Amino acid sequence: MRATLTRRAFSALLAGVLGLTLTYGLSACTATQPGADAGDQAQEQQAGTRTFTDSCGREVELPAKVTKVAVGGPLAQQVLLTIAPDEIVGLATKVGSGQTAYLGEGVSELPVFGQIYGGKGDFNKEAVAAAAPDVIIDLGEAKESIKEDMDQLQEQLGIPCVHIETSLAGYDQAYTMLGKLLGKQDRAAELSSYCKKAYEEVNGVVSSLSEGERAQVAYLMGDSGLNAIAKGSFQGAVVDFVATNVIEVEKASGSGKGQEIGLEQIATVDPQLIVFGPGSIYDSVGDDPAWADVSAIRSGSYYQVPGSPYNWLSSPPSVNQVLGMQWLARVCYPQKFKSGIQDVAKSYYKTFYNHDLTDAEMGELLAGSLPKDGAVS
Amino acid sequence: MEDVSCGHGAEARGRRYSRTLLVLGMGVAAVAVLSLMLGRYPMGVTDVLGMLASRVVPVQGGWSAQQESLFFNVRLPRVVLALMVGCSLSAAGAAFQGVFQNPLVSPDFLGASQGAALGACVAILFSLGSLATSLASFAVSMASVAIVLAVSTRAKGNRILATVLAGVMVSSLFQAGVSYTKLVADPNAQLQAITFWLMGSLTSARFRDIALMGVPAVVGNVGLFVLRWHINVLTMGDDEALSLGVDAQRVRVACIFCATLVTAACVSVTGIIGWVGLVVPHLARGLVGVDYRRLIPASMVLGAGFLLAVDDVARLATTAEIPIGILTAFVGAPFFVRLITRGRRR
């Protein structure tokens, strides 16, 4: 009796799973049909191939003209949306509704393929292959296994994979390489020179500071403001470059959410200036008695990092850092710069996203982000 | 507990069992064939069959080089791995449940998974590469269960209880070790790799991995298959077993060894995939009864099909992969609850 009943249940389950699999599979097949096309295309393009050497020294055969690219992760996604928004065939992570105002409506309709690295490990190889990109581009710091990983992925998919190293000081070089890769040298030169100029300006100011002149900053996240992006963290590179991060921990977490610390620790190191992440306690912290004795709060030297389309400082730390470093330096040392934050924001959004910031957008972006009188200098 | 005697009832049960196993086998074969056909990258049915055949007989087909690369390097190894892991974990789970006479036992009960995790984490910490990570994971996994057995044989009193307690102890010790490696890992590179490893996934399936784990997995599975009658005897109690000429402790150790062998082999390649080893034996029990001579083979076949079907959803449902551990729990847990409550009502 029992066996019959469960067997029926089992048959139902099996039928359900089979049906589900079939439906998904068929819908996947009908949704994307580049199979034969991709093959033909590859053959046509074989006539015009070229060799590209990526940042880890791998020589990769590429079609002469690259028209479709896939991104390996959120860092690459952010950079490629600035240089080749029309060539991207899929995203690493979803684009939120707040971001499309700057990135374009079309972006939110792109499929999400997941990312090669990172805790999620959700890179869907077949889905990427079905979108038939000419090349898969991964950007960021090189992992130890990067060569092996890229070679393996390239072999599995039969699609060229390249890694291009990015760093706070080297976005100009990354753009130059990308320009060569994508055959977009002019656009790359524009972006590259912006990055170079911005870095040199900020570097000129911060490298002339004595240790005592450097702002003592804490970068705090979370709705209680007790998650710190600590000194040396991958996410806090801009803070470390522009100022001195007073929150030191033994092992800085690479998480965009930071790591938990206590208010006591914050009070002990007593930062002169606090930068709060988006969605933090910025609005209410001024009235919070627990925070009242922290110098930065008492003196009003606390700010909220602008957050659209990306947080200007981190999460992910990509070319948004080029904007973030100009902002944070102006917040910390307002007298040292001729141009204001509004000018910087305008030119960045125009250059990178071809977006003219309206006054309303500017007001919303910079609420809580502008230097106040009496700020630390 | 079904008797060993023969009669009309037993004969009928035997026939029904054969039929059930046949249906299961055909179901799994169907899911396997379907899985090879289905994917985010479109491949025609004839192309898939042609590509498979081309490895045996010279066939020229209309498929592209990229299709061939994806099929042999991505899709086929993943399907094979899903079948092997599902089969192995379910067999190991069934065996453990029999050996310990406890329905809540899963294959990593004695610390095999935590051991594997620690081995992998340490290998990642020292940047030893993916091959060494798998090997270290396998070795530490086996070692962790060896420690459990060594402790339990020295314990006074109830052997089974001592084994269980030693398992709990070793598991939590190794769990602490894993947490410690996470603490000291470089947060930008190693920590991500560790987190990813711990999550369990079939996405990194490669034939090299399958060849590597294939040997211990096959040996362990064959061992469990051979031992399945002995597990039945174990369920009668040690004294009863002795009267049948079976040394219960020796059988237990042999079962634990085989089950650990397959678990370690799987976990070292895929990371920790939960639920399969716990749920599938129960499903199989519902189908073929509690006789381990039938339960072990049924668990193997059912487990292979179960994990393969779940993995199909993981790779097909959205354009990004869904981590398989989430899905095994989503599918397994409700079904498990239903199974339990139905049993209670009767």
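1. Domain bounds, as used in this note, come from an automatic or database domain assignment. On that basis chain A is divided into domain 1, residues 36-195, and domain 2, residues 211-366. This is a predicted model, in which local features need pLDDT of at least 70 and side-chain atom pairs count only at pLDDT 80 or more, while totals for chains, interfaces and linings use all residues. Residues are numbered from 1 along each chain as its sequence is written, and chains are lettered from A and ligands numbered from 1 in the order in which they are written.

2. For chain A as a whole, the secondary structure comes to 15 helices and 12 strands, where helices (H or I, at least four residues) and strands (E, at least two) are DSSP runs numbered from the N terminus. Of the 377 residues in chain A, 47% are buried; a residue is called buried if 20 or more other C-beta atoms lie within 10 Å of its own, exposed if 12 or fewer, and partly exposed in between, with C-beta atoms placed from the backbone. Among the contacts in chain A with a separation of 6 or more, 62% are between residues 24 or more positions apart, a contact being two residues whose C-beta atoms, placed from the backbone, lie within 7 Å.

3. The C-alpha centres of domain 1 and domain 2 of chain A lie 29 Å apart. Their contact takes 15 residues from domain 1 of chain A and 17 residues from domain 2 of chain A. On the domain 1 side, α3 (74-83), α4 (100-103) and α8 (185-207) of chain A each supply at least two residues, and α3(A) gives the most, with 5 residues. The residues of this side divide into 10 nonpolar, 4 polar and 1 charged, where Ala, Val, Leu, Ile, Met, Phe, Trp, Tyr, Cys and Pro count as nonpolar, Asp, Glu, Lys and Arg as charged, and the others, Gly among them, as polar.

4. An open sheet of chain A is formed by 4 strands in the order β4-β3-β5-β6, with parallel pairing; two strands pair if DSSP finds at least two bridges between them. Its edge strands, each pairing on one side only, are β4 (88-90) and β6 (161-165) of chain A, and the twist averages 35° from one strand to the next. Strand β5 (residues 135-140) of chain A is joined to β6(A) by 5 bridges, and Ile136(A) stands opposite Cys161(A) in β6(A). Helix α3(A) packs on this sheet, touching β3 (69-71), β4 and β5 of chain A, and its direction makes about 110° with that of β5(A). Axes here are lines fitted to C-alpha atoms, for helices over the stretch in contact, and angles run from 0 to 180 degrees between N-to-C directions.

5. Strand β11 (residues 273-276) of chain A deserves a separate look. In a regular strand the side chains alternate between the two faces of the sheet. Strand β7 (residues 216-221) of chain A pairs with β11(A) in the parallel sense over 4 bridges, and Tyr219(A) has Val275(A) as its bridge partner. Strand β12 (residues 302-304) of chain A also pairs with β11(A) in the parallel sense, over 3 bridges, and Ile274(A) stands opposite Tyr302(A) in β12(A).

6. A cis peptide bond joins Ser308(A) and Pro309(A), with omega about -10°, and another cis peptide bond joins Ser315(A) and Pro316(A), with omega about -5°. Pro309(A) is in the loop between β12 and α13 (320-332) of chain A, and Pro316(A) is found in the loop between β12 and α13 of chain A. Ala132(A), although not a glycine, has a positive phi of about 50°; Ala132(A) counts as buried because it has 20 C-beta neighbours inside 10 Å.

7. In chain B, helix α4 (residues 112-125) and helix α5 (residues 130-154) pack at an angle of about 145°, with their axes 7 Å apart. By class, the contact of α4(B) with α5(B) has 14 nonpolar, 7 polar and no charged residues. Elsewhere, Leu287(B) is placed in helix α12 (residues 276-288) of chain B, and Leu287(B) is buried because 23 other C-beta atoms lie within 10 Å.
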